[in-house]
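Visitor: Please take me through a structure feature by feature, giving the general idea before the particular case.

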Amino acid sequence: MKEILKKVAIIPILIYQYSISPLFPSSCRYSPTCSQYMKEAIMKHGVWKGMKLGFTRIGKCHPWGGSGYDPVP
């Protein structure tokens, strides 16, 4: 059941990565990208904690935020 929830939670991320993201130039400050980070966090930590980690990462993405390599803990 948990694996099914993880896969369902990742569907909107995949839709974004394959349909919306290619329309814009790459401007990500972090590696891996925020969408890839959230996908990895959900697979590693589960849906709720993974989404929390992913949204926290997205919240750091602003002109005064960090940059560079930031792997999923």
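**Surface, pocket and salt bridges**

Guide: A nonpolar surface patch of about 370 Å² is formed by I4, V8, I11 and I15. Patches consist of residues with over 30% relative accessible area and no salt bridge, like charges being joined within 9 Å and nonpolar side chains (Val, Leu, Ile, Met, Phe, Trp, Tyr) within 5 Å. This is a predicted model, in which local features need pLDDT of at least 70 and side-chain atom pairs count only at pLDDT 80 or more, while totals for chains, interfaces and linings use all residues. Residues are numbered from 1 along each chain as its sequence is written, and side-chain values use heavy atoms, with hydrogens and water left out.

Visitor: Where is I4 placed, and is I4 buried or exposed?

Guide: Buried means under 20% relative accessible area, exposed over 50%, and partly exposed in between (1.4 Å probe, protein chains only). I4 lies in helix α1, residues 2-20, and counts as exposed because its relative accessible area is 52%.

Visitor: How should I read the largest pocket, and what is its volume?

Guide: On a 1 Å grid over the protein atoms alone, a pocket is an open set of points where a 1.4 Å probe fits, with protein on both sides within 12 Å along at least five of seven lines, and lining residues have an atom within 4 Å of a point. Here the largest pocket has a volume of about 390 Å³. Of its 15 lining residues, Y16, S21, C28, T33 and S35 are the closest to the centre. Helices α1 and α2 (34-45) each contribute at least two residues to this lining.

Visitor: How many salt bridges does the structure hold?

Guide: A salt bridge is a side-chain nitrogen of Lys or Arg within 4 Å of a carboxyl oxygen of Asp or Glu, and the structure holds three. One of them joins E3 to K6, with the closest N and O atoms 3.4 Å apart; these two residues are about one helical turn from each other because they stand three residues apart in helix α1.

Visitor: Which parts does the salt bridge between D70 and R57 tie together?

Guide: The side chains of D70 and R57 meet at 2.9 Å, N to O. D70 lies in the segment after β2 (68-69) and R57 in helix α3 (residues 47-59), so the pair ties together parts that are 13 residues apart in sequence. K60 also forms a salt bridge with D70, at 3.9 Å, N to O. K60 lies in the loop between α3 and β2, so this pair links parts that are 10 residues apart in sequence. Through shared partners, salt bridges join R57, K60 and D70 into one network.

Definitions and conventions. Accessible areas come from the Shrake-Rupley method with a 1.4 Å probe; for residues, only the protein chains shown count as cover. Helices (H or I, at least four residues) and strands (E, at least two) are DSSP runs, numbered from the N terminus. Grid points are joined across faces, edges and corners, and a volume is the space filled by probe spheres set on the points.
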